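Please read the points below alongside the model.

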Amino acid sequence: MLDKLAYYFSFPLVRHAMIVGLLIALCSSLLGVSLVLKRFSFIGDGLSHVAFGAMSAATVVSVTLKSAASGNNAVAKWITEVIDKTNSMVIILPVTLIAAILLLRTGQNTKIKGDAAIAMISVGSLAIGYMLVNMFSASANVAGDVCSTLFGSTSILTLTVGEVWLCAVLALIVIAVFVLFYNKIFAVTFDENFTRAAGVRAGAYNLLIAIVTALIIVLAMNLVGSLLISALIIFPALSAMRVFKSFRAVIICSAAVSVVCAGAGLIASLLFSTPVGSTIVTADMIVFFMFCIVSKFLRRA
Amino acid sequence: MSQQLRCKNVSLGYEGDTVAEGLDFTLESGDYLCILGENGSGKSTLIKALLGLIPVMSGEIERSGEAKQSGIGYLPQQTVVQRDFPASVREIVRSGCIAKSGFRPFYSKEEKALADENMERLGIKELAGRCYRELSGGQQQRVLLARALCAAGSILLLDEPVTGLDPKAQAELYELIASLNNSGVTIIMVSHDIGAVRFASHILHIGSGRQLFFGKKEDYVRSRLGRSYIITESTESGEDADIPEEAETVPDEKPVSGRLKAAAAAGAGALAIGTGAAIRHYVKRGERNA
């Protein structure tokens, strides 16, 4: 078994996947606590569907570009594919950011209630995304493409070096922002009205939370695919909240849980050739139930 | 005595709809102002305006001294989010310094010391490491009060602070607020609980979108409005209020509005009992689990 692992880890792709996977897991767990407590759990879900739609649109754009520009030889095809893979993130990111800001704003104006707005945007972009992929995709295996975008089956193992760097930098930015604004995020999460009354621009920090959430989602799409992102965001937070009693302890614990689960899930998926995303989420679920049991015992004692 | 807050003929509202108008009062440091009024009378709009969260439609709110520099320490009503929030008391009290810390990512030594000092002042020092959601309602209010003091030490705005507390905790909280007031903190308390009037020095009564009374508490208790309000409130909620004897003989000039008020008071009473019961249930469950 260890031999098998060592063999896998001799490939740089696998090592990259491990590094990026752990970074993504770390930053997705940080904001989870805030999102759960602010009753925003589903914003992650909605945004990830938007990201799926954006990814489909990106594919379509690159496909049309390709058919307009190039011939049919295999090398040209491979090159364009590599290019549009890195490009797709460039398109997905701004679209998801805009959606995040819009969702947050509708939450405040409440002409359409928050959850309805999320449901609308998320299913809408899911439908359009699937339609676009079906109509314009160049690849023969549409179902496979869609499946890999939705469940991220192997995408973490197919990242290019450029994407690895992009993911690492974004993840570090998320972590830095979180650490720098930790106190503000706490205050805004715990009591928005008080924070606003104290003269802090709570709206700006809400916006910051939305932007960071969007960043996390675009990142996490690579790891677990767009349907499972919410799990990556909320499970570690919920597990930690079961047992720990101060905000800082909850954050640290949820980061640890997330990283451990992602690592274990990645290794398990290599060993048993299961899909990466669902293995990680399963690990998260197992830990959640373990924490539930632990918290029961702690309360009795 | 110096003036801290002055409302000059202020009108309030949203998007052109006036909620309350003709608000005109002055608050000096060391005052204890109690704002009374039924639901929908514009109390919560006034709170938002005093905190500077919404602009006034006309008139002017003048702030001076600390109220101008660091704003008003605010004790909001509890939100659903806070009931199961995993945070220690220390973390919450420190978050009161959030505006002082500006763009600095962490709290300074002075801010931490201020938080400790305010916890000591409100007698919650030994709770510092405890989890907020496991505290009783009265303890939670103390925590939020300490946080408000960290934000602004000389002027506090309390929004229905005793809602959902049992009578003993209510009395304790009122005593605590009164002792803060005695130590020089200006208090603005919004309430429809008659117990709030006891410690107040000034009363502002708003109703049906305008100011019905502003002045010293003694004058309010003697006024017709004050007496009728105190009677309906205290008979309906079954509390002893310090009202003058002759109050009983005051003729009720508008029986309809009197009945309406009584009904409203009864509704509020029922609601308070309901919330009280719910919270007690919640707390009991917590104790069982602990």
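Predicted model: local features only at pLDDT ≥ 70, side-chain atom pairs only at ≥ 80, totals over all residues.

1. Residues are numbered from 1 along each chain as its sequence is written, and chains are lettered from A and ligands numbered from 1 in the order in which they are written.

2. Helix 8 of chain A runs over residues 161-180. Helices (H or I, at least four residues) and strands (E, at least two) are DSSP runs, numbered from the N terminus. At 1.5 Å a residue, its 20 residues should span 28 Å, and the end C-alpha atoms are 29 Å apart, which agrees. The expected span is 1.5 Å times one less than the number of residues.

3. Which residues of helix 8 of chain A are buried? They are A:Glu163, A:Val164, A:Leu166, A:Cys167, A:Ala171, A:Val174 and A:Phe178. These residues lie on the same side of helix 8 of chain A because they cover an arc of only 165° around the axis; the arc is that of the directions from the helix axis to the C-beta atoms. On the other side, A:Val161, A:Val169, A:Ala176 and A:Val179 are exposed. Buried means 20 or more other C-beta atoms within 10 Å of a residue's own, exposed 12 or fewer, and partly exposed in between, with C-beta atoms placed from the backbone.

4. Helix 2 of chain A covers residues 12-30. Its buried residues, including A:His16, A:Val20 and A:Leu23, pack against helix 3, helix 8, helix 11 (202-224), helix 12 (229-243) and helix 13 of chain A.

5. A:Gly32 lies in helix 3 (residues 32-37) of chain A. A:Gly32 is buried, with 31 other C-beta atoms within 10 Å. Not counting residues up to four places away in sequence, A:Gly32 touches A:Ile233, A:Ile234, A:Pro236, A:Ala237 and A:Ser254.

6. Between the chains, 27 residues of chain A are in contact with 26 residues of chain B; contact means that the C-beta atoms, placed from the backbone, lie within 7 Å. On the chain A side, two or more residues each come from helix 9 (182-190), helix 10 (192-197) and helix 13 (247-272). Helix 9 of chain A gives the most, with 6 residues.

7. Chain B has 10 helices and 9 strands. Of its 290 residues, 39% count as buried.

Methods. Contact = placed C-beta atoms within 7 Å.
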